[in-house]
Amino acid sequence: YVNGQKDNVGYLFSLRSRQNYFKTFPILHKGYEFLHDLCQRKGVRFHLTTILEDNFSVQKQLEKKRTFMPWYEFFGNYEIYAIRTEKNKTVHHSYQLKQAQASNISSVIEFLNDIGKNCHFFPVLTVDDIVSERYPGLKTDDFYFLVDANNQIVAAAAIWDQELYKQYVIQGYDGLLKLVYPFSFVFPS
């Protein structure tokens, strides 16, 4: 959703290139040429791009005005929160926590779209997206929702395990983490 309306928006992330190729071949030129053609065919007007906050060299490179590149403009910070999942599912007595099933997933999706259209860049969801696994690994029973005493949905979320296809590999530690790592087995996970 953009300004409360459905729109086609691309999302670029985790772009990588080996330095020796980057300096030798016009990868950036070719990549943006490909994306430009693809986006015109798909009706995508603009993209969101995420860059790690401390990756200043990439920020500088992408934000530099060049004729062959799209115009990059800082939009805001994107933060991800991790929520500890525990077996205790205690909910306030006036609400009931339910797990989605085939019989009620359409109500959950309708609720999410209703709330989501008030947020920029919230994905437009359909039941078919979930059933067809357009989002790999996201299934109907990954969705949970709270209902009030009138059986109206007041909150919804999904617990989406993306481990099978989205991973970051730690190649080493620096600074304080390098010193603490040998003792990490002592700390609870």
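Modeller: One term to begin with: buried means under 20% relative accessible area, exposed over 50%, and partly exposed in between, with a 1.4 Å probe and protein chains only. This is a predicted model, where local features need pLDDT of at least 70, side-chain atom pairs count only at pLDDT 80 or more, and totals for chains, interfaces and linings use all residues. Residues are numbered from 1 along each chain as its sequence is written, and side-chain values use heavy atoms, with hydrogens and water left out.

Biologist: Fine. Is Asp142 buried or exposed?

Modeller: Buried, because its relative accessible area is 11%.

Biologist: Which side chain does Asp142 meet in a salt bridge?

Modeller: That of Lys139, at 3.6 Å, N to O. A salt bridge here is a side-chain nitrogen of Lys or Arg within 4 Å of a carboxyl oxygen of Asp or Glu. Lys139 counts as partly exposed, because its relative accessibility is 40%.

Biologist: Why do such side chains pair?

Modeller: Opposite charges can pair when the charged atoms come close.

Biologist: How many salt bridges are there in the whole structure?

Modeller: The search finds 4. One of them joins Asp7 and Arg45, at 2.4 Å, N to O. That pair links distant parts of the chain, 38 residues apart. Asp7 sits in the segment before strand 1, and Arg45 in the loop between helix 2 (27-42) and strand 2 (46-49). Arg45 counts as exposed at 60% relative accessibility, while Asp7 is partly exposed at 26%.

Biologist: And what about Asp114?

Modeller: Asp114 meets Lys117 in a salt bridge at 3.5 Å, N to O. Asp114 is partly exposed at 45%. Lys117 is partly exposed too, at 34%.

Biologist: Switching topic. What's the secondary structure of the protein?

Modeller: There are 6 helices and 5 strands. Helices (H or I, at least four residues) and strands (E, at least two) are DSSP runs, numbered from the N terminus. Along the sequence the pattern is β-α-α-β-α-β-α-α-β-β-α.

Biologist: What share of the residues is buried?

Modeller: 16% of the 189 residues.

Biologist: Now the largest nonpolar core. Which residues touch the most other members?

Modeller: Val108 and Phe143, out of 14 residues. Such a core is a set of buried Ala, Val, Leu, Ile, Met, Phe, Trp, Tyr and Cys residues joined through side-chain atoms within 4.5 Å. Helix 4 (105-116) and strand 4 (143-147) each supply at least two residues of this core. Helix 4 gives the most, with 5 residues. Another core, of 6 residues, lies apart from it, and includes Leu12, Leu28, Tyr32 and Met69.

Biologist: What does Phe143 touch?

Modeller: Leaving out residues up to four places away in sequence, its contacts include Ile105, Val108, Ile109, Leu112, Ile130 and Leu138. Contact means heavy atoms within 4.5 Å.

Biologist: Where does Thr140 lie?

Modeller: In the loop between helix 5 (127-131) and strand 4. Thr140 counts as buried at 18% relative accessibility.

Biologist: Last one, the outside. Which residues form a nonpolar patch on the surface?

Modeller: Tyr11, Phe13, Tyr78 and Ile80, with about 480 Å² of accessible area together. Patches are made of residues with over 30% relative accessible area and no salt bridge; like charges are joined within 9 Å, nonpolar side chains (Val, Leu, Ile, Met, Phe, Trp, Tyr) within 5 Å. Areas come from the Shrake-Rupley method with a 1.4 Å probe, and for residues only the protein chains shown count as cover. Tyr11 is in strand 1 (residues 9-12).
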